[in-house]
Amino acid sequence: MKTSVNAFDYASEILNGIHKGLLLTTRVGNEVNTMTIGWGHIGFEWKKPIFVAYVRDSRYTTELLAKSGEFTVNIPHGSVDPRILSVCGTKSGRDTDKIKELGLTLEDPLTIQTPGIRELPLTLECKVLATFRQEPETLPADIQAQYYPNNQPGDGQTHVAYYGEIVNAYLITE
Ligand SMILES: Cc1cc2nc3c(=O)[nH]c(=O)nc-3n(C[C@H](O)[C@H](O)[C@H](O)COP(=O)(O)O)c2cc1C
């Protein structure tokens, strides 16, 4: 069962949870992949509720997002098995079916085509409205050194901000 919620009523749960990790899921055809994200936020732009995720070019998720134009964000509500965030944050969908390996339960979406993940029951369905490529060379030197040490075009390090309009938000319950 899904219980509809106002995502902003859960802002503190989302923003506090993101330090430990959330899941960002993509689907292209029959393929579903999920990755851990630790950077992101919710807010408003263009009078629309938005979730912004920052995904490096090198992630397999980047390829899937380019094809699907949408994603699902799943947030823990209560406890979560830390192995889920660890595996989804270290293995790539290029060579591992993380959903299968972890035995995650996919939940049919309501508005988009990308499923949610029952084990992290607070769900945001998002359609990509805009992408903004970050410019590492404009950042302070310490941040460049820590996150973009090579900073060459095509090195896969750059983050792109994906602005997803939150088109549905709900809690997955029994
Ligand atoms: C706690 C945690 C937070 C992470 N946050 C991000 C993030 O915000 N953006 C990102 O691009 N990668 C992040 N990563 C790394 C990706 O989750 C990791 O590279 C993953 O294997 C990518 O999966 P994919 O290749 O299937 O897309 C994080 C990893 C962990 C463990």
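This is a predicted model: local features need pLDDT of at least 70, side-chain atom pairs count only at pLDDT 80 or more; totals for chains, interfaces and linings use all residues.
**Around the ligand: a short tour**

Which residues come nearest? Of the 20 residues around the ligand, those are Gly 38, Tyr 54, Thr 61, Ser 92 and Gly 93.

Now, where does the shell come from? Strand 3 (31-37), strand 5 (48-56) and helix 2 (60-68) are the elements that each give two or more residues to it. Strand 3 contributes the most, with 4 residues.

Arg 56 has a backbone N or O atom 2.9 Å from a ligand oxygen. Arg 59 uses its side chain instead, with a polar atom there 3.0 Å from an oxygen of the ligand. For Tyr 60, a polar backbone atom sits 3.0 Å from a ligand oxygen.

How much of the ligand does the protein cover? On its own the ligand has 640 Å² of accessible area, and the protein covers 82% of that. If you want to find the spot on screen, look for the largest pocket, which is the space the ligand takes.

Last stop, the aromatic rings. The count here is 5 aromatic pairs. One of them is Trp 46 with Tyr 163: the ring centres are 5.9 Å apart and the planes stand at 55 degrees, so this pair is tilted. Its partners are 117 residues apart and link distant parts of the chain, with Trp 46 in the loop between strand 4 (40-45) and strand 5, and Tyr 163 in strand 10 (residues 159-172).

Conventions:
Residues are numbered from 1 along each chain as its sequence is written. Side-chain values use heavy atoms; hydrogens and water are left out. A residue is near a molecule or strand if one of its heavy atoms lies within 4 Å of it. A polar contact is a pair of N or O atoms within 3.5 Å; within protein, one must be able to donate a hydrogen and the other to accept it, and residues adjacent in sequence count only if both atoms are side-chain atoms. Accessible areas come from the Shrake-Rupley method with a 1.4 Å probe; for residues, only the protein chains shown count as cover. On a 1 Å grid over the protein atoms alone, a cavity is a set of points where a 1.4 Å probe fits but cannot get out, and a pocket is an open set with protein on both sides within 12 Å along at least five of seven lines; lining residues have an atom within 4 Å of a point. A molecule sits in a cavity or pocket if more than half of its atoms lie within 2 Å of its grid points. Rings of Phe, Tyr and Trp (its six-membered ring) pair if their centres lie within 6.5 Å; planes under 30 degrees apart count as stacked, over 60 as edge-to-face and the rest as tilted.
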